[in-house]
Amino acid sequence: MNGRQSHQYKERSEAPARVRAKAKIAVQSSEAQPYDQTASPALVEIHLRESFTGDIEGESPVRALQVMRDDRSACMVSVQRFRGKLGGRQGTFVLQGSETVENGKIKATWFVVPGTGTGELSGLRGEGGFEGEFAKGSDGTLDYWFERD
């Protein structure tokens with residue numbers, strides 16, 4: 001490798017700077033529809049509309065598939081398209097999440113689906129999650145960065 005090739009390799013191997021965004025998340029509406037109750041646990045599809053305030057400012061429709069146990073604990077997978085601003089940049093992106101529910105509390109991890117950022121959020125990547133209590137909102141974080149061209 002010559003000096004120039006080594007320099008190019010070095011530039012590409014450096015990780016992009018990450019920024020942590022924080023937000024308050026509130027559920028604006030929620031509708032649950034069981035789709036298989038032939039045995040326990042029940043399988044449920046949930047439609048939500050969430051709003052975000054803070055470093056993440058906007059709203060998001062959410063679709064989740066839930067496994068609801070007899071003790072009311074649950075696990076879910078979700079997909080949502082956020083519309084609004086992240087760190088002052090306008091656009092949309094898709095989050096894919098994995099959630100657990102126990103004793104009225106929810107805990108989740110999520111990541112930005114690669115290639116889904118639009119507008120000023122094109123090239124967005126990130127991961128984070130949220131924690132909260134039902135009917136009291138959640139505190140969320142997203143550690144994000146932008147892919148280089």
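How many bridges pair strand β3 with strand β4, and in which sense do the two run? Strand β3 (residues 56–68) and strand β4 (residues 74–86) pair in the antiparallel sense over 11 bridges. Two strands count as paired if DSSP finds at least two bridges between them. Within this pairing, Val62 stands opposite Gln80 of β4.

This is a predicted model, in which local features need pLDDT of at least 70, side-chain atom pairs count only at pLDDT 80 or more, and totals for chains, interfaces and linings use all residues. Residues are numbered from 1 along each chain as its sequence is written, and side-chain values use heavy atoms, with hydrogens and water left out.

Start with the overall layout. The protein has 1 helix and 8 strands. Along the sequence they follow the pattern α-β-β-β-β-β-β-β-β. Helices (H or I, at least four residues) and strands (E, at least two) are DSSP runs, numbered from the N terminus. The strands form a closed barrel of 8, in the order β1-β2-β3-β4-β5-β6-β7-β8, with antiparallel pairing. From one strand to the next, the twist averages 25°. That angle is taken between axes, which are lines fitted to C-alpha atoms (for helices, over the stretch in contact), and it runs from 0 to 180 degrees between N-to-C directions. Strands of a sheet pair through backbone hydrogen bonds, either parallel or antiparallel.

Now follow the pairings. Strand β1 (residues 19–36) meets strand β8 (residues 137–146) in the antiparallel sense, over 7 bridges. Here the bridge partner of Ala21 is Leu142 in β8. Strands β4 and β5 also run antiparallel, joined by 13 bridges. Phe82 has Phe93 in β5 as its bridge partner.

Two hairpins deserve a look. The hairpin of β4 and β5 has 2 residues between the strands, and Gly87 takes a positive phi near 55° there. The hairpin of β3 and β4 has 5 residues between the strands. In that loop sits Arg72, with a positive phi of about 75° although it is not a glycine. Arg72 counts as exposed, at 61% relative accessibility. Buried means under 20% relative accessible area, exposed over 50%, and partly exposed in between (1.4 Å probe, protein chains only).

Other loops hold backbone features too. Asn103 lies in the loop between β5 and β6. Its phi is positive, about 55°, although Asn103 is not a glycine. Asn103 is exposed, with a relative accessible area of 77%. A cis peptide bond joins Ser40 and Pro41, with omega about 5°. Pro41 is found in the loop between β1 and β2 (42–54). Most residues other than glycine have a negative phi, and most peptide bonds are trans.

Next come the charges. Side chains of opposite charge can pair when their charged atoms come close. A salt bridge is a side-chain nitrogen of Lys or Arg within 4 Å of a carboxyl oxygen of Asp or Glu. A search of the whole structure finds 7 of them.

One joins Arg18 to Glu127, with the closest N and O atoms 3.1 Å apart. Arg18 lies in the loop between α1 (3–13) and β1, and Glu127 in strand β7 (residues 124–133), so the pair ties together parts 109 residues apart in sequence. Arg18 is partly exposed at 48%. Glu127 is partly exposed at 38%.

Another salt bridge brings Arg20 and Asp143 together (2.6 Å, N to O). Arg20 is in strand β1 and Asp143 in strand β8, 123 residues apart. Arg20 is partly exposed at 49%, whereas Asp143 is buried at 17%.

Lys107 and Glu131 form a salt bridge as well (4.0 Å, N to O). Lys107 lies in strand β6 (residues 105–112) and Glu131 in strand β7, so this pair ties together parts 24 residues apart in sequence.

Which buried residue has no salt bridge? Glu99 is buried without one, and the nearest side chain of opposite charge, Arg69, is 12 Å away. Lys and Arg count as positive and Asp and Glu as negative; His and the chain ends are not counted. Glu99 sits in strand β5 (residues 89–102). Its side chain makes a polar contact with the side chain of Ser78 (2.6 Å). A polar contact is a pair of N or O atoms within 3.5 Å; within protein, one must be able to donate a hydrogen and the other to accept it, and residues adjacent in sequence count only if both atoms are side-chain atoms.
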